[in-house]
Amino acid sequence: HLLKKEENIILQVGKTFGHLYQSVFFKEIYAITEGPPPEVNLSNERSNGETVLKLINNKLVSSVHDISSGGLILALAEMSISSGYGLKIEKPSKLSNLNEHYFGEDQGRYLLEIESKNLQEATKILSENNIYNEKVATVQKDKFEILGELKINVDDLYKINNSWYNNY
């Protein structure tokens with residue numbers, strides 16, 4: 001299961017530039033299917049992946065999830081739904097467009113669940129390898145929450161996720 005323990009920190013590895021062309025968000029919300037796919041930087045992909053593997057091998061992470069189709073918010077929701085734990089998601093300090101931040105499908109990004117006791121060592125390894133990372137959330141009991149925007153019980157999120165097709 002993803003998400004192992006309350007109070008664990010969720011770090012995002014890899015930068016969000018907010019690429020929305022060819023994304024699920026543009027397709028489903030705006031019916032926009034044109035535009036270029038996100039840029040793939042093989043050097044960054046390799047560096048990010050190898051460093052995440054190093055953190056796993058050093059037993060510094062509790063769980064890992066890639067950020068792909070649907071962007072950051074979908075990856076966080078998948079982690080929450082699969083574990084039954086909630087997340088307290090922080091708004092970005094720098095990026096001004098929340099749609100780009102939450103739904104952008106930039107490549108080479110991961111979510112790492114890290115216990116507080118391992119955070120310093122994990123961020124040191126990320127820094128030594130020049131890997132961009134930022135805290136995006138904290139694991140909590142049973143609420144999926146975007147601070148100031150949304151708060152929903154994880155059980156309700158699970159029901160919504162698993163009933164949409166029948167309702168459709």
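Begin with the aromatic rings: rings of Phe, Tyr and Trp (for Trp, its six-membered ring) count as a pair if their centres lie within 6.5 Å, with planes under 30 degrees apart called stacked, over 60 edge-to-face and the rest tilted, and by this rule there are five aromatic pairs. Select Tyr-21 and Phe-26, whose ring centres are 5.5 Å apart with planes at 90 degrees, so that this pair is edge-to-face. The model on screen is a predicted one, in which local features need pLDDT of at least 70 and side-chain atom pairs count only at pLDDT 80 or more, while totals for chains, interfaces and linings use all residues. Residues are numbered from 1 along each chain as its sequence is written, and side-chain values use heavy atoms, with hydrogens and water left out.

Accessibility is given here as relative accessible area, where buried means under 20%, exposed over 50% and partly exposed in between, computed with a 1.4 Å probe on protein chains only. On that scale Tyr-21 is partly exposed at 41%, whereas Phe-26 is buried at 14%. Tyr-30, at 46% relative accessibility, counts as partly exposed.

Next, select Asn-99, which lies in helix α4 (residues 98-103) and is partly exposed at 32% relative accessibility. Contact means heavy atoms within 4.5 Å, and, leaving aside neighbours within four places in sequence, Asn-99 is in contact with Leu-20, Phe-25, Tyr-30 and Gly-104. If you draw a distance from Asn-99 to Ser-62, which is 37 residues away along the chain, the C-alpha atoms are separated by 28 Å.

Now turn to the pockets. On a 1 Å grid over the protein atoms alone, a pocket is an open set of points with protein on both sides within 12 Å along at least five of seven lines, unlike a cavity, where a 1.4 Å probe fits but cannot get out; lining residues have an atom within 4 Å of a point. Grid points are joined across faces, edges and corners, and a volume is the space filled by probe spheres set on the points.

The largest pocket has a volume of about 680 Å³, and 19 residues line it, with Ile-73, Leu-74, Ala-77, Phe-103 and Asn-161 lying nearest its centre. Colour α1 (24-30), α3 (71-83), β6 (143-146), β7 (150-153) and α6 (154-167), each of which supplies at least two residues of this lining; α3 gives the most, with five. Ala, Val, Leu, Ile, Met, Phe, Trp, Tyr, Cys and Pro count as nonpolar, Asp, Glu, Lys and Arg as charged, and the others, Gly among them, as polar. In these classes the lining of the largest pocket holds 15 nonpolar, two polar and two charged residues.

The second largest pocket contains about 410 Å³ of space. Among its 19 lining residues, select Lys-15, Phe-17, Asn-41, Asn-44 and Gln-107, which are the closest to its centre. The lining of the second largest pocket has five nonpolar, ten polar and four charged residues.

Move on to strand β2 (residues 63-67), where His-65 lies. His-65 is buried, with 12% relative accessibility. A polar contact is a pair of N or O atoms within 3.5 Å; within protein, one must be able to donate a hydrogen and the other to accept it, and residues adjacent in sequence count only if both atoms are side-chain atoms. The side chain of His-65 makes such contacts with the side chain of Glu-78, at 3.0 Å, and with that of Asp-66, at 3.5 Å. Not counting residues up to four places away in sequence, His-65 touches Leu-2, Ala-75, Glu-78, Met-79, Tyr-110 and Leu-111.

Ser-63 is also placed in strand β2 and is buried, at 6% relative accessible area. Its side chain is joined to that of Glu-113 by a polar contact of 2.7 Å.

Finish at Ser-43 in helix α2 (residues 42-57), which is exposed at 54% relative accessibility.

Terms used
Helix = DSSP H or I, 4+ residues; strand = E, 2+ residues; numbered from the N terminus.
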